[in-house]
Amino acid sequence: DRSVDDMIKIREEVMAGGAELFFTLDIGHARLNGELDVAINKMGPFIRHIHFTDNFGKIDDHLPIGEGNFDYRPHLDFFRKFEGIITLEVVGIGTDPAGAVKSLKYVREKLGL
C-alpha cells in the first residue's frame with residue numbers, strides 16, 4: 001500500500017470477497033506522498049476518518065494546525081461536507097494538550113469546520 005491506487009486495488013479485492021473496506025485519510029502522509037488530491041478524488045466516497053495535522057512537507061511532524069505550511073483551502077469543500085470522524089493528530093500521549101486546543105480553534109475559526 002504505497003499509493004492511492006494500491007489502496008483502491010486492496011479495497012476492490014476485499015469487496016470482491018464480500019466484505020466492506022473504508023479508509024482513514026491521513027493528511028500528513030498523503031501530503032508527503034504527494035497524493036492528497038488523488039486520495040480525495042479517488043478515495044473520497046470511501047473515507048470515514050481523517051487525521052488532520054500540519055507539517056512543512058518534509059516529515060510527518062504532527063504540528064498543531066496552522067503551525068506548518070499546509071494549505072487546507074483547496075480541500076475545504078471536501079472537509080466541510082465530510083460526515084465521518086476528524087481527529088486532530090497533533091499531540092502525543094501524555095503531552096501538553098495545548099496543540100490540540102490551538103488546532104481546534106484554528107480549524108473552527110480559520111477553516112470554518
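Visitor: Is R73 buried or exposed?
Guide: This is a predicted model. The relative accessible area of R73 comes to 62%. The cut-off for that class is over 50%, so R73 counts as exposed.

Visitor: Which side chain does R73 meet in a salt bridge?
Guide: The N to O distance in this pair is 2.8 Å, and a salt bridge needs the two atoms within 4 Å. R73 meets the side chain of D71.

Visitor: How many salt bridges does a search of the whole structure find?
Guide: Besides D71 with R73, the side chains of K102 and E67 meet at 2.6 Å, N to O. K42 also pairs with D5, with 2.6 Å between the closest N and O atoms. The search of the whole structure finds 3.

Visitor: How many residues apart in sequence are the parts that K42 and D5 tie together?
Guide: K42 sits in helix 3 (residues 36-43), while D5 belongs to helix 1 (residues 4-16).

Visitor: What is the nearest side chain of opposite charge to D26, and how far away is it?
Guide: D26 lies in strand 1 (residues 23-26) and is buried, yet has no salt bridge. A polar atom of its side chain does lie 3.0 Å from the backbone nitrogen of G28. The nearest side chain of opposite charge is 11 Å away, and that is R31.

Notes: Residues numbered from 1 in each chain as written. Predicted model: local features only at pLDDT ≥ 70, side-chain atom pairs only at ≥ 80, totals over all residues. Heavy atoms only, no water. Helix = DSSP H or I, 4+ residues; strand = E, 2+ residues; numbered from the N terminus. Buried < 20%, exposed > 50% of the residue type's maximum accessible area, 1.4 Å probe, protein only. Lys, Arg positive; Asp, Glu negative; His and termini not counted. Polar contact = N/O pair within 3.5 Å; in protein donor to acceptor, adjacent residues only side chain to side chain.
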